[in-house]
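Trainee: Could you show me how to read the places where parts of a protein touch?
Mentor: Gladly, let us look together.

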Amino acid sequence: MNISQMVQGLVDPMGIPFYPIVFIILSVLTFAIHIMFVNFVVGSAFFAFYGAIKGGQYWSRLTKSLIKVTPITNSVAILIGIAPLLFVQVVYDPFWYVSNTLSAWWVIGFILFLLIAYSSAYVFYFKYESSPGVGKLAGLIAVVMFVLSAYVMHSLNYQALLPEKWLSWYIKGLEVDTSGTSLHASQIPRLLHFLVPAFAMIGIYFMLYAWYFSKREDFSADYLNWVANLGAKLALYGSLVQAVVGFWWLLSVPSKFSFHTNPFFILALLSAIVLIAYLFKAQKNPISSAVPSIVLAFITILFMASAREALRLLYLTEVNYSPFTYKVNIDWGSTVLFFATFIMGLVIVGYQVAVAYLSGRQTRVLEETPQLRKWGSLSIALLLAWLVIVAGLGIIITIRNFF
Amino acid sequence: MYPLWEVPVLSAGFILGIIATFHILPSHLSTSAMWFNVFIETKAYRENRPELLEFIKKYALLLLVFAYVTGTLSGIGIWFSATVASPRAISGLIHNYVWGWATEWIFFIIEVLGIMIYYYTLGKVEPRIHLKLGWIFAIGSWTTMVIIVGILAFMLTPGKWLETGGFFDGFFNQTYFPQLLMRSSFMFAIAGIYAIAVATTIKNLEVKKYIMKQASIWGIVGIIAGILFFFLYLKSLPPHNRELLTILNIGSLKNTIIASLGFIFLYLILVYIRPQIIKLPIAVISIVIIFAGIFATERIREMLRKPYIFGNFMYSNQFIAKDLPAKGVKNEVEYINTVGILQVVPFVPEDLRIIREENQFQAGKLIALIQCSSCHALGDSGVRPLKPLVKRIGINEPEVADAWLEAIGSYPYMPPFLGTAEERRALALYLSSLAK
């Protein structure tokens with residue numbers, strides 16, 4: 001049994017309910033959003049701790065804001081992360097499952113590290129003012145645990161790209177190693193390429209923060225200018241460091257892939273250059289550059305996520321695997337269910353975010369405008385309609401199948 | 001078949017069990033709490049009782065910090081631990097239900113954003129807006145249950161799925177609606193029981209009493225309805241699963257359920273009559289007691305699946321038991337019996353693929369690992385350990401073990417032995433050595 005046959009033998013025999021390209025696109029898109037929030041989390045946890053140590057009027061104020069948002073961004077990062085992980089298991093199942101079972105304790109550990117990080121972030125928030133010592137310690141623990149979680153997730157993903165090594169990790173003579181206690185592979189430049197952007201992204205986040213609160217009378221213009229300038233500098237220098245790490249990472253990619261000529265890589269590179277150029281310009285007026293910066297940054301991340309996918313395909317071609325040849329057993333019903341719910345979700349999440357956005361931008365109580373009233377009622381009506389349709393479908397199918 | 005993960009003393013399945021059991025606490029709270037909260041909030045605005053908002057805020061904070069930190073992570077933890085304990089099973093479920101989970105994910109986003117925005121905008125947006133946020137959260141959160149129950153029920157009773165392979169044929173199976181109704185009823189009871197605990201920390205005595213009375217009514221109605229639907233659920237079980245209910249050793253689990261429900265029912269009546277005497281420790285103990293009852297119910301539900309891990313389709317040890325022509329899947333039993341398990345499984349030392357006298361014992365051990373370890377610890381201790389088990393049955397000679405293995409599939413809860421006669425003899429040699 002060679003590696004290629006082994007991988008084919010592991011592929012789920014039930015096939016997938018829709019075309020592989022759709023799962024791959026969804027996976028890349030959701031991964032891009034996920035990793036952006038991961039950057040926000042790591043960046044905000046880091047600077048919340050830094051600000052608490054550094055002290056001073058502005059840093060203290062920024063830390064207070066950051067400790068409040070870290071748990072929230074973390075929650076969103078985890079939540080969005082579910083989707084790419086789900087879709088990876090649909091089209092790359094053999095690779096993900098082998099990598100996970102070989103390092104099983106680390107898979108469980110990942111959850112534990114995140115739980116500690118998440119809880120510590122809350123302790124930092126609730127205890128910072130009443131007992132700063134405890135708060136700072138919790139802040140430090142949060143940073144360390146977030147980075148450790150990132151390392152584990154990186155390693156699990158990287159091991160999945162190395163099927164030729166799996167047997168040597170598992171089989172020891174006539175015995176098999178079922179302990180799951182080791183992480184077997186990691187690639188530091190690759191990991192750094194995911195983590196270093198936390199500095200650039202939190203910089204843009206600071207610019208957005210200054211832009212968002214610029215309408216609030218309880219935020220002084222001096223403070224917001226300070227945050228925005230700090231953000232613009234972080235964004236620029238963070239991106240420049242990231243560019244250096246990017247080249248280091250490129251050199252670590254096996255040369256047989258000639259990845260530097262890959263169109264997805266070139267697109268990612270070009271968008272990064274445009275972003276860096278814009279960030280140079282943004283130094284002059286960081287507050288008004290905040291929104292274009294995040295848009296450009298997200299486009300760059302999206303291209304990089306696509307390049308990451310293209311690289312994965314190259315790695316797996318080595319064992320003759322392509323997700324595009326996965327057996328498809330189309331299931332229209334559930335596909336329609338998902339996409340319809342997805343569109344409905346945009347309306348509802350849009351309403352929730354709009355309320356949060358509008359309410360946070362002012363100090364007085366947010367009043368219900370006619371548009372908000374309609375939007376809110378529509379959201380509830382959609383949720384109820386969804387339930388009625390699904391329950392109706394359920395009743396019809398139950399009667400048809402069992403009565 | 002993927003590499004195996006063995007957890008000393010406990011077993012991999014046990015780790016999954018611990019996380020899944022813990023998940024019950026926050027998950028049932030998160031789907032239920034906002035219904036009660038919105039109910040109280042509506043009263044606060046309609047009857048102009050702003051003092052009730054103290055409770056609203058406290059209950060929402062419990063949700064935000066407890067239910068959504070531990071609930072999200074233990075929920076993902078179930079998925080992760082299932083991934084490493086039974087990768088082929090989770091893969092099979094995902095390859096059928098990926099759009100189901102993806103749909104549930106959208107409702108997760110609605111509920112998680114929902115609780116954060118609900119909590120942080122309390123008092124900062126007009127009541128009309130805030131109530132809408134609450135309703136969106138409550139409905140969205142309950143909808144995650146509407147979806148996950150379909151997949152949970154499918155694992156036990158796949159309905160017409162084995163014939164058609166259809167998503168909805170498996171989803172809306174014979175136990176779906178009874179289970180959904182049962183869980184939803186108990187969910188309201190759980191909302192009440194948690195609300196009582198939160199109410200014990202409220203300073204305003206009038207508010208405290210009021211919340212406790214309301215919460216105890218929710219609890220009592222939820223429990224009565226839940227018990228009624230529980231009987232409907234039992235009635236909806238197919239004959240094989242009902243037979244297991246009488247064969248399997250579940251006496252202590254049954255007693256736990258009855259004791260837990262009985263206690264909670266009396267407790268709720270006490271709360272209704274004498275709300276002032278309820279203190280936080282009693283309230284927390286009651287949460288633990290209802291939790292023990294739910295745990296026992298979930299355990300029984302999982303045991304009733306045997307010998308399958310899901311859908312009457314895949315055995316507990318992750319081999320495919322049945323054909324699924326609609327998806328072009330053949331069962332693996334016949335093929336493995338012809339070719340041999342050590343030939344089919346990829347993660348096998350090359351020197352063990354062909355059994356010879358000198359490697360027979362090692363091969364037998366590996367076969368035990370592949371076929372038995374998902375439910376039985378190979379050592380002395382742990383979950384259903386093999387050593388005491390073979391001793392008890394009296395398998396001390398390879399021939400006896402071989403005959404026993406040949407007939408093992410006739411136990412209604414055991415999968416058959418998979419492999420050639422030679423491989424069965426190797427396993428028999430290993431098993432009989434354990435008895436010595």
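Mentor: A salt bridge is a side-chain nitrogen of Lys or Arg within 4 Å of a carboxyl oxygen of Asp or Glu. This is a predicted model, in which local features need pLDDT of at least 70, side-chain atom pairs count only at pLDDT 80 or more, and totals for chains, interfaces and linings use all residues; side-chain values use heavy atoms, with hydrogens and water left out. Residues are numbered from 1 along each chain as its sequence is written, while chains are lettered from A and ligands numbered from 1 in the order in which they are written.

Trainee: How many salt bridges are there between chain A and chain B?
Mentor: There are four between chain A and chain B. In a salt bridge between R400(A) and D169(B), the side chains meet at 3.0 Å, N to O.

Trainee: What area is buried between chain A and chain B?
Mentor: Buried area is the accessible area (1.4 Å probe) that two parts lose on being put together, summed over both. For chain A and chain B this is about 8800 Å², and carbon and sulfur atoms give 77% of it.

Trainee: What are the domains of chain A?
Mentor: Domain bounds come from an automatic or database domain assignment. For chain A the assignment gives domain 1 (3-330) and domain 2 (332-403). Their C-alpha centres lie 29 Å apart, and the contact takes 13 residues from domain 1 and ten residues from domain 2.

Trainee: How much area do domain 1 and domain 2 of chain A bury between them?
Mentor: They bury about 1100 Å², with 60% of it on carbon and sulfur atoms. F18(A), Y212(A) and R216(A) supply 45% of the area that domain 1 buries against domain 2, more than any other three residues. The count of salt bridges between these domains is zero.

Conventions:
Contact means heavy atoms within 4.5 Å.
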